[in-house]
Amino acid sequence: MREPSGQTVGAGALLTILRHGQARTRAELVQLTGLARSTVSQRLDALLDQRWIVPAEEAISSGGRPAIAFAFNRNARLVLAADLGATHARLAVTDLASTVLVERAFDLAIDRGPEETLGWLVATFREMLAEIGHSVAEVCGVGLGLPGPVEHASGRPVNPPIMPGWDAFPVPDWLGARLGAPVLVDNDVNIMALGEHWAVRPETDHLIFVKVGTGIGCGIITERHLHRGAQGAAGDIGHIRVTSADDVVCRCGNVGCLEAVAGGAAMAVRLRQAGETAENSRDVVRLVRAGNTQAVQLIRQAGREIGDVLASIVNFFNPGVIVIGGDVAEAGEHILAGVREVIYSRSLPLATQHLGIRASVLGDRAGVVGAAVMVIEHVLAPEAVDLSVAG
Ligand SMILES: [Zn+2]
């Protein structure tokens, strides 16, 4: 007896099929995979045993007899997700469909260093789990976004400019030892791109998520997957040179960077010079919303500067959608108008024909949803599920 695809269609592959609704019953799984009925039964038992699936409502089979249907159990495990920014943090506990079960937002300075920040994170996660009547034993993974470059494979920050003490800190080991689950770390823009893509635009193959906050960066989704680049540095558009910033020194040490003229911190500086009270990107947004003429002009111009860089990226990458998110994007249409104006006049017609330029739908929740998605994709990968049922 031969099973043509039996070597590769393990329990994890069956779970993926059930999760995506391609089959619901034992008979449908046999038909779809070509596996023997006994093999399918064995693998379903293993998945039931680990609670990855649950019996669902009865389905009517083609012969008219009721058959047992199986469904992915989104409550099988819990995910801890955190989006740490320069000055604020958002934490969430989610299920395996990235649905937020409980969430909290805080003012938190990342420059307090890794041990103090992560110690606080562990304590707060434990409180949140207790609040919804669960424990860390049910957690299958922890996803964390940080406001700086991260080497994704090791989860270590790499020379993060605004995070003193964090360089090369072994975040996954430190957190994993205290929470007893695998820990995945990425930069905040990548997880925001993941979250927005998964929750809002899963059908978009090629997407650019631009975060305009204190600084500027982008996350790249290509063929529906996050593109991190060779060292995890892909998408760092904030330090691309723009001609209008030729005489402006950036925090990275170079002159002429995009974020040195169009980032939230840079705009706050200009507003202070003009006599306004503006400490950070949130103050810029507050002034724009209040109709302050200088702030509105400044943010429109920032939109054009960002659009100028994105126009080249549109020609190079041909995305289907550009999503603008981050604190400054909360200022609404003013920044989008500037971005659209330049991209549509500067990029090639073929590349802009069906291009959508949109505000983030998830807003300040994109990061925690994306951090959860990063963990879910890792835990539910067929080979990971195969290992969990074997163990
Ligand atoms: Zn720079």
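Contact here means heavy atoms within 4.5 Å. The views below show a predicted model.

**View 1. The open five-stranded sheet that contains β5.** Its strands follow the order β7-β6-β5-β8-β11, with mixed pairing. The edges are formed by β7 (100–107) and β11 (183–187), each of which pairs on one side only. From one strand to the next, the twist averages 15 degrees.

**View 2. Pairing of β5 with β6.** Six bridges join strand β5 (residues 78–84) to strand β6 (residues 88–94) in the antiparallel sense. A82 has L91 of β6 as its bridge partner.

**View 3. Helices α6 and α13 on the sheet of β5.** Helix α6 (residues 188–199) lies across β5, β8 (139–146) and β11, and runs at about 100 degrees to β11. Helix α13 (residues 366–379) also packs on this sheet, where it touches β5, β6, β7, β8 and β11. The direction of α13 makes about 135 degrees with that of β5.

**View 4. The open five-stranded sheet that contains β12.** Here the order is β14-β13-β12-β15-β16, and the pairing is mixed. Because β14 (225–227) and β16 (356–359) at the edges each have a single partner strand, one side of each is left without a neighbour in the sheet. The twist averages 25 degrees between one strand and the next.

**View 5. Pairing and helix packing around β12 and β13.** Strands β12 (residues 207–212) and β13 (residues 216–222) pair in the antiparallel sense over six bridges, and F209 has G219 of β13 as its bridge partner. Helix α6 packs on this sheet, touching β12, β13, β14, β15 (321–325) and β16, with its direction at about 45 degrees to that of β13. Helix α10 (residues 293–317) lies across β12, β13 and β15 and runs at about 165 degrees to β12.

Technical notes. Residues numbered from 1 in each chain as written. Predicted model: local features only at pLDDT ≥ 70, side-chain atom pairs only at ≥ 80, totals over all residues. Heavy atoms only, no water. Pairing = 2+ DSSP bridges. Helix = DSSP H or I, 4+ residues; strand = E, 2+ residues; numbered from the N terminus. Axes fitted to C-alpha atoms, helices over the stretch in contact; angles between N-to-C directions.
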